[in-house]
Amino acid sequence: MYPYQNPDLSTEERISDLMSRMTLEEKILQTDQYYSGDFTTQDENGKVTAVDMQRFDALMQHNSVGSVQLRGMTAAQANVVQRYAIENTRLGIPYLF
């Protein structure tokens, strides 16, 4: 466990550790936002019928970004996307929704 992942440390200590580990590219990507329409199939009402994780992976390229808009997605679909951030990115920074 890295210090930024340790809930027993102060917020300031955790942020300082995380920021020191992030590359400039990772910091810039934290300002980026993606839309569910970029990686899902939706019905005529905008409800997401399928999440294409291959398309999502091609977009993210194992990077974390600042946020993902979940328009039309269910909680279960959002959990799949969030699991990607935690398990498939270098620092495991969760997405903001």
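1. What covers the buried residues of α4? The cover includes β3 (48–51) and α3 (53–60), where contact means heavy atoms within 4.5 Å. Helices (H or I, at least four residues) and strands (E, at least two) are DSSP runs, numbered from the N terminus.

2. The model is predicted: local features need pLDDT of at least 70, side-chain atom pairs count only at pLDDT 80 or more, and totals for chains, interfaces and linings use all residues. Residues are numbered from 1 along each chain as its sequence is written, and side-chain values use heavy atoms, with hydrogens and water left out.

3. Helix α4 (residues 75–88) has 14 residues and spans 19 Å from its first C-alpha to its last. This is close to the 20 Å expected at 1.5 Å a residue, the expected span being 1.5 Å times one less than the number of residues.

4. In α4, Gln77, Ala78, Val81, Gln82, Tyr84 and Ala85 are buried. Seen down the helix axis, the buried residues of α4 fall within an arc of 140 degrees, so they line one face; the arc is that of the directions from the axis to the C-beta atoms. The face turned away from this buried side carries the exposed residues Ala75, Ala76 and Glu87. Buried means under 20% relative accessible area, exposed over 50%, and partly exposed in between (1.4 Å probe, protein chains only).

5. Val51 is found in strand β3 and is partly exposed, with a relative accessible area of 23%. Not counting residues up to four places away in sequence, Val51 touches Phe39, Thr40, Met73, Gln77 and Val81.
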